[in-house]
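Okay, thanks for coming, everyone. Let me put the chain up on the screen and then walk you through how it is put together.

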Amino acid sequence: GPGLPEDQFARRGGEWFVPRLAPLRLPAGPPLALSPEGTWLVTGGLGGLGRRIAAWLVDRGARRLVLTTRSRDGRDAVEALERAGARVRIARVDAGDRAGTIRLLEEIGPSLAGVVHAAGVLERGPAAAATADGLEAAFRANADGAVTLGELVPPGALLVLVGSAAATWGSRGMALYAAANAALGDVARDRRARG
């Protein structure tokens with residue numbers, strides 16, 4: 001539009017609109033407190049985001065954690081969480097491995113309080129350069145893992161799916177990552193529709 005610095009804009013009803021992000025102000029409530037009795041599963045639990053989520057859970061009272069990883073050594077993360085009062089188990093399970101995820105959920109059993117699905121593979125590159133292998137890698141941990149968890153996490157347990165804003169408005173060079181993240185919304189809507 002005339003005089004607008006943005007490269008994206010719309011004109012509706014004689015007014016110009018441009019995309020903006022604004023902070024969402026939520027009403028203050030009591031601090032979240034988690035029961036120390038339940039077990040929390042964090043997929044991708046030894047990645048940068050997974051470690052922060054695990055620490056956040058422990059700060060709010062969680063005392064039993066299972067962190068999944070494909071290959072990382074997480075001794076330092078485990079030691080920090082244990083110093084904060086948590087019992088931590090590392091499970092070498094790829095979130096996209098349905099059979100492995102089923103076995104892990106069965107091992108945790110009825111103590112499962114919630115799952116935070118933070119596993120993902122950051123596949124870089126534009127859509128035009130995408131390969132079948134890249135697509136499979138991007139979807140396996142993130143989208144396939146979310147579908148499996150959406151189906152198998154019992155209704156009484158919380159399921160949190162950690163996604164990227166790239167799924168909403170894209171991100172240069174991250175076409176496959178954005179597509180895999182977009183699937184998380186569908187899993188969340190399906191689970192919510194099932195109660």
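Predicted model: local features only at pLDDT ≥ 70, side-chain atom pairs only at ≥ 80, totals over all residues.

Numbering starts from 1 along each chain as its sequence is written, and side-chain values use heavy atoms, with hydrogens and water left out.

We've got 6 helices and 7 strands, which are DSSP runs numbered from the N terminus (helices H or I, at least four residues; strands E, at least two). In order, that reads β-β-β-α-β-α-β-α-β-α-β-α-α.

Now look at strand 4, residues 64-68. Why is it largely enclosed by the rest of the structure? Because 4 of its 5 residues are buried, meaning under 20% relative accessible area with a 1.4 Å probe, protein chains only.

Who sits beside strand 4? Strand 3 (residues 39-43) runs parallel to it, joined by 4 bridges, with Thr39 opposite Arg64. Strand 5 (residues 87-91) also pairs with strand 4 in the parallel sense, over 5 bridges, and there Arg64 stands opposite Arg87. For pairing, DSSP has to find at least two bridges between the strands.

The crossover from strand 4 through helix 2 (residues 75-83) to strand 5 is a right-handed β-α-β. Strand 3, helix 1 (residues 48-59) and strand 4 make a right-handed unit too. Right-handed means the path over the helix runs clockwise from first strand to second, with the strands pointing away from the viewer.

Notes:
Buried < 20%, exposed > 50% of the residue type's maximum accessible area, 1.4 Å probe, protein only.
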